[in-house]
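Please open the model in a viewer and keep the selection panel at hand.

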Amino acid sequence: MDISKNGIKNKVTIASLLVALGIIYGDIGTSPLYVFRAIIGTRNIDLTLVYGGVSCVFWTLVFQTTIKYIWLTLRADNHGEGGIFSLYALVRRYGKKLVIPTILGATTLLADGIITPPISVSSAIEGLSMVKGLENIIIPGNTLTIGIVVAIISLLFFFQRFGTQVIGKAFGPIMTLWFTMLIVFGINEILIHPDIIKALNPYYAYNLLINYPHGFWLLGAVFLCTTGAEALYSDLGHCGIKNIRITWIYVKISLVTAYLGQAAWLMHQGQVLLNGRNPFFEIIPRWFLLPSVIIATMATIIASQALISGSFTLISEAMNLNFWPRVTVSQPSDSKGQIYIPSVNTMLWFGCILMMVYFKESAHMEAAYGFSITITMMMTSLLLSYFIYYRLKWNKIYVIGFLVVFGAIEISFFIANVAKIKERWMFLFFEFFIFMVMYVWYYARKINNSYTKFVELGKYSEQLTELSQDDVIPKFATHLIYLTKADRRHEIEEKIIKSIFAKKPKRSDVYWFLHINRTEDPFTLSYDVSELVDDKVIKININVGFRIQPRAELYFKKIVQELVASKELNLHIRPDGSTKYNNEPDFKFVVIEKFLSVENEFELRDGFLLKGYFFLKKLGLSDEKAFGLDKSDVQVEQIPVAYNKICNINLERK
């Protein structure tokens, strides 16, 4: 059986291009709502600031988004899938130290999810303050405005459990309308003030950074224009590289036009200070202001939806690559690949509401935005350097050149964003929590696995056969199945052998040992069978891609059906435990769960990791549910684990 799936969608059609526009560009596409307002802030509006600002934005889009992500990073596709975990799966064999960069990148990408929805939605809703009749009702930071934003965000998270397949069909047309609006109103300002085109000259960016007072620190605001670039790579599997690259041409033209239009308005609006005005809504004619706010709100909701869906996918991959505890994952619709993780949904919703209540308005969030995503981009660059060297076979000089150029750019952005740390301190708790969960789970599992003892299965083949035929021992099950970590054909965990030959031995007609092997390919689903003792001891290896939720019971029964149908084994001529009262075969799964014995004595780090691991394990899904055994006849055995027994006990008899 080989039912591997390929996520690549290379066909380019009008429909596929609309899908790409609807899924990929929500975050980066709504950046014009707040980028120029953040660059100008309370500073005097002058040529150096405005021309330098738009020049920096343009060249950031060229280098960070177009060259790094659209041209280069999209080439690092793992069977059509993208994202930092897909990239890690491609390069992890080349360096053990890549675990920490991967955890950092995933942590900050997920943490940034609690700021994108509130800053995007509030930026759009605050545009209502410019609509005649609403200027005294919708005021940035007042209770009503905060309430509207909180309500929209809460509804968005509430409806995640039902899936987005219905409203998802409207995403493409809405984003197309949004980008068309950016072009139309941007061109309108450029035609009135065509002199702004000169700002594309990189000299103006250089002049701003070098000669403008504190110009370098404006990079923190400039960076907001490319915060959605990582999503281009993360959503590669949904749209395919060709659709992303083609639609980016239109999107980039829209974004650059919108930024130039806002810069043109700034240079000719006749006031020295911005005074809280938003250049985005200022370039829109008053008669179209209300429709523009509605369109902007829908675009920001789409941006938030893309980020939420991406977070679900990220945690799903983290679980399957052993970076996150097993939690409940459901499929809310029939759409392929769409998943819903209640715990992540609640965590993100709580974080978003907290951000909105704390910062109150979008202008205050601009300082907090960007820090996390700069770390993600730096970690992606590090992993990408391994990919282009080992997988694309680039010359080492070119790899060093890549690291120097993009390292300098991203470190500059990082330094500029670090200056904002005092305004985003509460973010650090969220990020620290996610990082520690991933760190503890990954490294504690490694310690746990290192203490797992394996034995030669062949040494016990005669005993297993004898036990199977011993009528004195009551039959435990017709088919007894153990989940095993042993990936070698001839090995099995010692604890499984002890479980079979316990004080009450488990007699069975057939002993099955089932190993789930997580592959580096995202959608692999295949298996192989080894018959160690004729019709008595059988080992199955199932290869499951890291984007697939394992369903061990379903796979096992399917494999048995195929073996019986093909008459490879003699199972088809022997009783399977079914009766005239129940035609289901008699399968029994045994899951062995460990708990930390009180006999342990640890060093500080190992003790912290293992205690944290077993604490997280209690909070997560049980093994039977995690491996899809919740419908089966399952026996769970609890065994104490002594990793490092206490040796010196000072006990005196008196």
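The stops below concern the domains, a pair of helices and a salt bridge. The model shown is a predicted one.

**First stop: the two domains**

Next, display the interface. Here 28 residues of domain 1 are in contact with 23 residues of domain 2. Between them the two domains bury about 2,400 Å², and 58% of this area lies on carbon and sulfur atoms. How many salt bridges does the rule find across the interface of domain 1 and domain 2? The count there is zero.

**Second stop: helices H5 and H16**

Select residues 84-91, which form helix H5, together with residues 289-320, which form helix H16. Their axes come within 9 Å and cross at roughly 30°. Angles under 35 degrees count as roughly parallel, and H5 is therefore roughly parallel to H16.

Now show side chains at the contact: Ile84, Phe85 and Ser86 of H5 meet Leu314, Glu317 and Ala318 of H16. By class, the residues of this contact comprise four nonpolar, one polar and one charged.

The rule gives a count of 11 salt bridges. To view one of them, select Asp509 and Lys475, whose side chains meet with an N to O distance of 2.9 Å.

Conventions: Residues numbered from 1 in each chain as written. Predicted model: local features only at pLDDT ≥ 70, side-chain atom pairs only at ≥ 80, totals over all residues. Heavy atoms only, no water. Axes fitted to C-alpha atoms, helices over the stretch in contact; angles between N-to-C directions. Helix = DSSP H or I, 4+ residues; strand = E, 2+ residues; numbered from the N terminus. Parallel < 35°, antiparallel > 145°, perpendicular 65-115°, else oblique. Contact = heavy atoms within 4.5 Å. Nonpolar A, V, L, I, M, F, W, Y, C, P; charged D, E, K, R; others polar. Buried area = accessible area lost by both parts, 1.4 Å probe. Salt bridge = Lys/Arg side-chain N within 4 Å of Asp/Glu carboxyl O.
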